[in-house]
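Subject: Structure handover

Hello,

Here is the structure I promised to pass on. Please open it alongside this note, and then read on for what turned up.

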Amino acid sequence: MEFKRSWAEPYKMKMVELLKMSTKTQRVKAIRKAGYNTFLLRSEDVYIDLLTDSGTSAMSDRQWAGMMTGDEAYAGSRNYYHLEAAVREFYGYKYLIPTHQGRGAENILSKILIKPGDVIPGNMYFTTTRLHQELAGGMFADVIIDEAHDPLNEHPFKGNVDLNKLDNLVKKHGAGKIPYVSIATNVNMAGGQPISMQNLRELRAYTQKHGIRIIHDMTRVAENAYFIQQREEGFQKKSIREIVKEICSYTDGATMSAKKDALVNIGGFMATNEWEVFEEARNLVVVFEGLHTYGGLAGRDMEAMAIGIAESLDDNHQHARVGQVEYLGQQMESFGIPIVKPIGGHGIFVDAKAFLPHLSQDEFPAQTLAAEIYIDSGVRTMERGIVSAGRDAQGRNYYPKLELVRFTIPRRVYTQAHMDVIAESAAAVFEKRKKIKGLKMVYEPRYLRFFQARFEKLR
Ligand SMILES: *Cc1c(COP(=O)(O)O)cnc(C)c1O
């Protein structure tokens with residue numbers, strides 16, 4: 001008999017963390033106290049934590065062993081050189097600046113490359129990336145293909161750049177005003193959607209013609225490589241390692257949050273192939289992070305990162321990683337829950353506009369849904385909609401097309417039975433969706449408001 005073989009984890013467990021189970025009454029109290037913002041819940045009050053896949057991975061025994069070999073010297077730590085060697089070997093970038101996490105790298109890179117009045121095209125914005133571009137005086141311009149903004153469109157590479165949109169920007173502002181194109185692999189805000197190698201090659205040819213750099217937000221490059229291997233012609237027999245190396249080869253530098261694909265709890269870096277940019281970064285990192293051979297990290301963190309980078313590029317690891325996310329998505333679909341398609345690499349994105357069509361965007365449908373799911377089961381998700389989108393420089397709300405609740409799956413942490421509990425909880429809330437009321441914002445911080453904003457239930 002022919003049947004599709006299941007994915008399974010290429011590891012076994014030898015340590016577990018016990019979880020606190022809560023009652024619905026306790027959860028109703030906890031979410032009210034948290035201002036209906038899942039970021040403000042205590043993690044102790046959470047059963048299954050899908051807030052983010054950032055820094056929440058389970059490290060391997062090899063990574064933990066690496067932690068014990070931390071060389072905690074102020075300068076020139078052995079672990080820094082291991083990390084530098086890993087970045088060169090697996091990604092191919094020449095120069096490395098470690099940073100405490102991705103946004104540390106974004107800060108330094110934006111300060112070096114962006115002048116006031118510059119325009120930075122990108123394949124959809126990311127919160128911290130765009131903010132650092134704006135703080136450096138630049139303006140972000142979205143050049144992702146239109147399909148990426150349609151949660152039902154099944155385009156296999158929704159992370160692709162629309163070269164016509166880019167060309168229009170170049171014609172309008174001139175290449176001199178565009179220091180680089182900001183390319184994210186496996187675009188987070190589009191639902192964990194990949195960019196194709198073909199698109200990257202065309203983008204490279206175009207930008208070379210105009211003398212524009214490509215800077216790679218490589219936070220999820222391994223997951224992107226997995227999708228290229230599965231979906232793009234000519235890559236089925238290539239390893240994830242080979243694909244990742246090729247992706248990086250079309251770019252001039254990168255920022256990395258190693259808390260995602262690279263399987264560490266803290267860490268990141270900036271990388272570049274340009275000596276002048278490296279020199280400048282080496283100067284700036286001392287101001288904002290620490291000396292250029294530790295960048296805000298302990299030696300042991302850099303060692304765990306070097307090992308995690310190698311593990312993240314293992315074909316079996318990615319197959320199980322993305323397989324688990326797909327499994328959850330299929331369970332949700334079987335309950336009729338509207339999700340972003342195709343299923344992405346790091347989580348399931350539920351379409352809150354379709355889930356709660358009776359709420360206007362000003363009643364925060366995604367924020368509301370995330371709170372309801374927590375109340376139902378103690379599963380913690382997060383909003384990716386109008387709250388996350390924030391306000392523009394003139395103080396006007398951005399109204400993003402997508403209003404999503406993100407169920408982000410930490411790497412190597414939860415089991416298939418956990419996935420069932422999550423899908424069942426979403427289904428239970430879906431059953432009573434018509435009775436759900438929206439929220440009003442009662443406290444709004446100035447920057448990245450989704451982290452600390454507070455809400456009250458509308459009556
Ligand atoms: C998480 C993330 C960042 C920022 O990294 P931090 O480590 O959280 O500072 C940047 N870009 C993308 C795509 C991310 O997912």
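Start with Ser196. A polar atom of the Ser196 side chain lies 3.0 Å from the backbone nitrogen of Asn199. That is a polar contact, meaning a pair of N or O atoms within 3.5 Å; within protein, one must be able to donate a hydrogen and the other to accept it, and residues adjacent in sequence count only if both atoms are side-chain atoms.

A word on the source. This is a predicted model, where local features need pLDDT of at least 70 and side-chain atom pairs count only at pLDDT 80 or more, while totals for chains, interfaces and linings use all residues. Residues are numbered from 1 along each chain as its sequence is written, and side-chain values use heavy atoms, with hydrogens and water left out.

Back to Ser196. This residue sits in the loop between strand S5 (180-184) and helix H7 (197-210). Helices (H or I, at least four residues) and strands (E, at least two) are DSSP runs, numbered from the N terminus. Is Ser196 buried or exposed? Ser196 counts as buried, at 5% relative accessibility. Buried means under 20% relative accessible area, exposed over 50%, and partly exposed in between (1.4 Å probe, protein chains only). Leaving out residues up to four places away in sequence, Ser196 touches Phe157, Asn160, Ile228 and Glu232. Contact here means heavy atoms within 4.5 Å.

Next, the ligand. There are 14 residues around the ligand, and Arg103, Asp217, Arg220, Ser257 and Lys260 come nearest. To be near, a residue needs a heavy atom within 4 Å.

- Ser257, at 2.6 Å
- Lys260, at 2.8 Å
- Asn188, at 3.1 Å

Taken alone, the ligand exposes 380 Å², and the protein buries 95% of that. Those areas come from the Shrake-Rupley method with a 1.4 Å probe; for residues, only the protein chains shown count as cover. Helix H4 (102-113) and helix H5 (127-135) each supply at least two residues of the shell. H4 gives the most, with three.

Now Glu303. Glu303 is in helix H11 (residues 299-312). Glu303 is buried, with a relative accessible area of 9%. Beyond neighbours within four places in sequence, Glu303 is in contact with Gly66, Thr69, Asn79 and His82. Leu83 is 220 residues away along the chain, yet the C-alpha atoms of Glu303 and Leu83 are separated by 6.6 Å.

Then helix H1 (residues 24-33). Arg27, Ala30 and Ile31 are buried there. Seen down the axis of H1, the buried residues fall within an arc of 95°, so they line one face of the helix. The arc is that of the directions from the helix axis to the C-beta atoms. The face turned away from the buried side carries the exposed residues Thr25, Lys29, Arg32 and Lys33. Helix H14 (365-377) is included in what covers the buried residues of H1. Gly35 follows H1, and its phi is positive, near 60°.

Last, His173. His173 is in helix H6 (residues 163-173). His173 is partly exposed, with a relative accessible area of 29%. His173 and Lys401 are 228 residues apart in sequence and 26 Å apart in space, C-alpha to C-alpha.

Best wishes
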